[in-house]
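The sequence and the structure are shown below.

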Amino acid sequence: MDTFAATCEAAAATTKKTEKTRIVADYLRSLGPTTAPRAAQFLAGQVFPVWEERTLQLGGAQLWRAIAAITGKSERELSATYRRYGDLGSAAADVLRGIAPKLSELSIADLEAVFDNLASARDTVARMAELQEILSRLSPLGAKYFVKLITGDMRIGLKESLVEEAVAKAWGRSIEQVQRANMLLGDLAETTRLAIENRLSEARLRLFHPIGFMLASPAADSAEAFEYFEHARVEDKYDGIRAQAHTVDQRVRIFSRTRDDITESFPELVPWLAALPRSAVLDGEILAWDFDEPGGRALPFSSLQKRLGRKRVSRTLLRDIPVAYVVFDVLHLGGELIIDETLRVRNERLNLLFATPLVPATGEHAGDRQSPLFAEENPHDSPRVLRAPAWEANSPAELDRLFEQAQARGNEGLMIKDLNSPYLPGRRGRSWLKLKRELATLDVIVTAVEYGHGKRAKVLSDYTFAVRDGHRLRNVGKAYTGLTDVEIAKMTQWFLAHTLTDHGWVREVEPKIVLEVAFNAVMESDRHDSGYALRFPRIVRLRDDKSADEIDTIDRVREIFERQKRRGSAAS
């Protein structure tokens, strides 16, 4: 464990990507073929392989209590140490100095069993006892990176992509092959094992494991969009939740952008997906849907929001807030991976898949989950899985016309896609653009919370939020409007359980909750360490579908600020 921790320290000490890669590659090469794969996974900050969808059910507050029990430190002493470092792992190393053994008694090879035991602990008491026993056997440096692994916040500049590069360098393999194998498998340890054995070409898509979603970049206007395209495929930009559906032999699973299984939250979609004539992995959007409107139409996100976060859906919700899955891409069809085909070809395959009208399946898997409710809750017998309508545009004027029509239908704007582009999982580029005309919004992460005033005096309703600046978070504002009382009450419980430092009225919390915030302008300000502040920020919605890695950056804030200046100069 100490050699692993020393490698992490060395990687953190340099800002040079090539040097980080060399350090990691040398370390991995020094390990045996059974240890190196798991070490690669841990270096990427992953306790378990991504595809397993397991969690430790451990938060910062529990870690802090375990460290307090071992060290005998008071809450005041622990809080002061945390404020000094702003990092739970570094704070743990500090308070354990002089108490912990000089050398760790656990090796990196032991960690797999350690994490299995923590994940399978029968209850919180057993988990805390296990956690204390483990921490007491680690050196301060070992404890530092053990804590960082558990919190998923390594802060050493080693993203998964860089570890992939190190694996390729260590065994002389193609980086493209390593990246592709890891994307298909969702398992960096297994990918490393294949790299060691020179068998990367044998990697196959792991069905019922979500792969990364292809992402879009914003376009300021239709003219900018046509700087990238001569001919474009155009779809409405819907205001729902992005979802990837896997269906094979009437087995169905649906995943969110954060790779969470949301199948049980939308059971009425299952029989329709199971009815598809061929196995498939689809990309689309789940929307609250008005089935009474001729041809149907998408409803605002606020309607869908009542369905989110529910493992079990009541008959009332199924009836009152029906949903549809609008499909716009296909990644795997009939046992064949087709992400390397152009969008034009994938569209043709998708059209064939939807050529025959669907009839909801009632087989072993689909019937058990939904068909008893289906006839009652969908009296119009309207399909719940739909092919997204699309058009082609050859000029900015045509794009403007399509944009106005999309907004007339109640949708956000347009998605503009290059017909010659492959599907690039997890990548954001200019092959897909999104065009919206509205107040600017940013995806941010909550770093601190405060109690409100008046009727909200007993709930944590005021949220300070940040954007990313490299590996640091920089605060850019504070908002207290936009969420419902029910949402605030729920988030209060979460923040209380995930407080890192309690200053009384203000609490520093684990940076895990992503918000979408709207605002009128960006101002230069010394109020926040970013140097910027948002003017009149308000919360648009909680973004449960986004992870901390997907929030906006300080560069995006700076870009909006500079654009404001240019527009101001042009208008004056």
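The text turns to the sheet and then to the nonpolar cores of this predicted model.

Five strands form an open sheet in the order β1-β12-β11-β2-β10, and their pairing is mixed. At its edges stand β1 (215–219) and β10 (390–393), each of which has a single partner strand, so one side of each is left without a neighbour in the sheet. On average, and with direction ignored, neighbouring strands of this sheet are turned by 40° against each other. Strand β2 and strand β11 run antiparallel and are joined by six bridges; Val234 has Ile416 of β11 as its bridge partner. Helix α20 packs on the sheet, where it touches β2, β10, β11 and β12, and its direction makes about 135° with that of β11.

| Element | Residues |
|---|---|
| Strand β2 | residues 232–237 |
| Strand β11 | residues 413–418 |
| Strand β12 | residues 428–436 |
| Helix α20 | residues 396–408 |

The largest nonpolar core has 68 residues, and those with the most contacts inside it are Phe4, Phe115, Leu118, Leu131 and Phe146. Helix α10 (residues 160–171) supplies the largest share of this core, namely seven residues. When residues up to four places away in sequence are not counted, Phe146 touches Met1, Leu111, Val114, Phe115, Leu118, Leu131, Ile134, Leu135 and Leu138. In soluble globular proteins, nonpolar side chains tend to be buried together.

Technical notes:
Residues numbered from 1 in each chain as written. Predicted model: local features only at pLDDT ≥ 70, side-chain atom pairs only at ≥ 80, totals over all residues. Heavy atoms only, no water. Pairing = 2+ DSSP bridges. Helix = DSSP H or I, 4+ residues; strand = E, 2+ residues; numbered from the N terminus. Axes fitted to C-alpha atoms, helices over the stretch in contact; angles between N-to-C directions. Contact = heavy atoms within 4.5 Å. Core = buried A, V, L, I, M, F, W, Y, C linked by side-chain atoms within 4.5 Å. Buried < 20%, exposed > 50% of the residue type's maximum accessible area, 1.4 Å probe, protein only.
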